[in-house]
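Here is a friendly walk through one protein model. Take a moment to look at the sequence and the 3D view before reading on.

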Amino acid sequence: MSKRKSHRPRIHNAIDAPKPVRAAGLLRAGDSEPGDAHSFRSPLARLLDAPQLARVVPHLAPETLHQLIRHVGLHASGELVASATPAQLTSVFDFDLWRSAQPGLVEQFDADRFGEWLELLVETGEPVAARIVAALDEHLVTVGLSRYIRVFDPSAITSPASIDDDLPDTEMAMFGGLECEVGGYLVRAIRADAWDAIVALLVALDDDYQDCFHRVMRGCRQLSNSVPEVDGLDHLLMRPEQLLHDVALDRERRRSQQGYSTRDDARAFLRLAREGRRRRPDGTPVLNPIAATYLRTAEQTAASADHDASLVPLSAAEPGSTGSVVETRDAIIGLLAESGAVPQRPRALLEGAGSQPSRLACIRPLMEYVRDTDDTAHLMRNRELAFLANTLIAGCSIQSRSFTLQEASDAVVGICNLGLEHWPARWPENDSPGAESTGEPNSLLPRTFLVDHDLVTAFEVGWQVLHQDVCLFVAQRLIVALTALRRADAEVDRELRVLRIELRRYREAGTPWCARDALDVIAILDMPAWVSLLGLMGECPVVPVALTAVLEGRTGSVSATAFEFISTTSQIATVREFMAQLPNVLRR
């Protein structure tokens with residue numbers, strides 16, 4: 001008997017859960033995308049060899065400098081770092097030294113990365129390293145060094161056993177007795193990597209920046225003390241944890257002042273957006289307080305930057321070189337933008353861009369009108385887009401990974417377009433409990449709409465539509481489909497019951513994506529359906545290419561990670577069509 005040929009699309013590289021995509025701009029230093037050597041690195045390498053580079057670097061935005069360092073690799077960034085200002089490097093460290101295990105989780109200090117930076121600084125030159133470190137926050141330097149060394153007063157040490165009786169001998173044996181005296185302090189390694197760089201840095205600090213040297217060493221010495229005895233206060237943070245907590249708070253404060261969304265603010269904003277806009281007692285809608293604070297801070301920061309720029313003109317010391325400096329700076333930014341490493345205007349809003357411009361039929365003409373007629377409103381709309389993109393990056397995930405810069409930008413435009421399509425039915429000034437959308441795109445908005453209305457509200461409406469009409473809707477329909485689904489395999493049937501229970505629990509909590517792991521059983525029944533459901537029930541729902549392949553009856557290999565952002569009501573109709581077919585798909 002011959003086997004019947006399958007007409008289902010085959011998922012390419014989807015044996016396990018979709019793998020995170022390492023997009024340009026989010027690679028660690030030294031990494032590169034395949035094929036970049038000729039298309040990106042060569043032009044950039046020529047620019048970095050320009051004689052005016054040292055004058056260009058101080059005028060780069062910290063975000064641009066950070067992405068530039070990532071692209072050329074930390075090991076090759078000595079000249080860039082040596083030319084940067086202390087304020088730039090402080091911001092770069094705020095970006096580069098903190099990592100989270102998963103999108104939306106608390107970012108933790110990356111000690112390994114700190115060691116890589118120390119080695120780079122010392123390779124650039126010990127005097128340069130000392131100058132840069134002396135200008136940084138001493139608490140950050142102390143926290144970083146304390147992950148590599150312990151510092152003691154030699155006069156207080158009679159024998160190794162007098163310091164944490166059972167620990168020093170182990171350390172000495174593990175790292176071959178790495179210790180030395182610098183400036184009257186005994187420095188002992190607790191990990192061997194970066195030891196030579198740390199010793200060289202401390203010697204240079206002791207020679208040229210003694211005040212900084214002693215403050216840092218005293219801080220490290222305090223962190224090297226033995227763990228205190230239990231005294232009833234053991235639930236409090238110990239000194240090392242407290243200092244790290246304080247450093248994290250300082251970083252969060254700096255980033256907030258620069259207009260970046262913190263993880264907690266981003267997640268709070270997205271949660272409030274799913275629930276709907278708050279109202280004053282008189283019934284009028286209130287701008288989300290997190291967005292309002294961000295936009296006010298961004299305006300103040302921009303005004304301060306403009307004031308500083310007017311006081312210190314570009315290349316004022318060498319007027320004749322201003323043109324070449326500006327050209328080099330703009331060329332560097334352009335190359336990084338082309339690679340997706342730095343924020344740029346969303347591709348969907350670029351003139352002549354977008355393979356399917358009809359999906360943005362609401363927002364595109366409105367933004368073009370604002371751009372051409374009202375500079376103030378256009379600036380505000382772009383600040384709102386930046387806030388929303390930052391919020392997605394800081395507080396949301398896509399396919400169980402972080403958004404790339406360009407993905408966040410494109411997602412925001414699509415969600416705003418969806419929100420504009422649902423005006424006025426679901427807009428705060430018109431909505432009411434139980435209000436339903438007509439299901440038809442709105443093409444009657446006046447051209448002046450975005451002069452008087454903000455994009456934050458448009459995003460909130462679109463985000464609520466995605467949550468209710470896609471994420472929760474799909475979860476509910478899947479629960480119904482699973483209720484009537486039975487399989488001969490007892491183990492598969494048990495996992496389907498577990499999935500149904502998990503879905504009910506998380507749907508009631510409004511977080512169906514938390515049942516992601518339990519969805520694995522669907523992959524046994526139908527791989528394209530599994531990939532489709534993962535995308536539809538994500539924190540940011542998307543339409544996977546696998547879903548459209550199922551509806552169109554396409555066969556062949558289908559990418560497990562390719563998707564489209566949901567930006568129109570017609571795409572939501574496609575989702576409903578897929579869910580109507582799902583019970584039959586799962587029973588095959």
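This report looks at salt bridges, helix packing and aromatic rings in turn.

## A predicted model

Keep in mind as you read that this is a predicted model.

## Salt bridges

Let us begin with charged side chains. Searching the whole structure turns up 21 salt bridges. One of them brings together the side chains of Asp-193 and Arg-191, at 2.8 Å from N to O. Asp-193 is partly exposed, as its relative accessible area is 34%.

Another salt bridge joins the side chains of Arg-267 and Glu-539, with 3.6 Å from N to O. Arg-267 sits in helix 13 (residues 263-275), while Glu-539 belongs to the loop between helix 23 (527-536) and strand 7 (542-544), so this pair ties together parts that are 272 residues apart in sequence. Are the two partners buried or exposed? Arg-267 has a relative accessible area of 31% and is partly exposed. Glu-539 has a value of 10%, so this residue is buried, because buried means under 20%.

Arg-271 counts as partly exposed at 44% relative accessibility, and Glu-275 counts as partly exposed at 43%. Elsewhere in the list of salt bridges, shared partners join Arg-70, Asp-96, Arg-99, Arg-113 and Glu-116 into one network.

## How helix 13 meets helix 17

How are two packed helices described? Helix 13 packs with helix 17 (residues 375-395) at an angle of about 105°, and their axes are 8 Å apart. The two helices are therefore roughly perpendicular to each other, since angles of 65 to 115 degrees count that way.

Which residues make this contact? From helix 13 come Arg-263, Ala-266, Arg-267, Phe-269 and Leu-270, and they meet Phe-387, Leu-388, Thr-391, Leu-392, Ala-394 and Gly-395 in helix 17. By type, the residues of this contact divide into seven nonpolar, two polar and two charged. Arg-267, a residue of this contact, is also the partner of Glu-539 in the salt bridge described above.

## The buried side of helix 16

Now turn to helix 16 (residues 363-373), whose buried residues are Ile-363, Arg-364, Leu-366, Met-367, Tyr-369 and Val-370. What covers them? The cover includes helix 17, helix 18 (405-421), helix 19 (449-452) and helix 20 (455-483).

## Aromatic rings

The whole structure contains nine aromatic pairs. One of them is Tyr-185 with Phe-213, an edge-to-face pair with 5.9 Å centre to centre and 75° between the planes. This pair links distant parts of the chain, with Tyr-185 in strand 6 (residues 185-189) and Phe-213 in helix 11 (residues 210-223), 28 residues apart. Tyr-185 and Phe-213 are both buried.

A further pair is formed by Phe-459 and Trp-463: their ring centres are 5.5 Å apart and their planes are at 15°, so the pair is stacked. Both residues lie in helix 20, four residues apart, or about one turn of the helix. Phe-459 counts as buried at 1% relative accessibility, and Trp-463 is buried with a relative accessible area of 1%. Ring pairs link Phe-459 and Trp-463 with Phe-269 and Phe-387 into a cluster. Phe-269 and Phe-387 also take part in the contact of helix 13 with helix 17.

Technical notes
Residues numbered from 1 in each chain as written. Predicted model: local features only at pLDDT ≥ 70, side-chain atom pairs only at ≥ 80, totals over all residues. Heavy atoms only, no water. Salt bridge = Lys/Arg side-chain N within 4 Å of Asp/Glu carboxyl O. Buried < 20%, exposed > 50% of the residue type's maximum accessible area, 1.4 Å probe, protein only. Axes fitted to C-alpha atoms, helices over the stretch in contact; angles between N-to-C directions. Parallel < 35°, antiparallel > 145°, perpendicular 65-115°, else oblique. Contact = heavy atoms within 4.5 Å. Nonpolar A, V, L, I, M, F, W, Y, C, P; charged D, E, K, R; others polar. Phe/Tyr/Trp six-rings, centres within 6.5 Å; stacked < 30°, edge-to-face > 60°.
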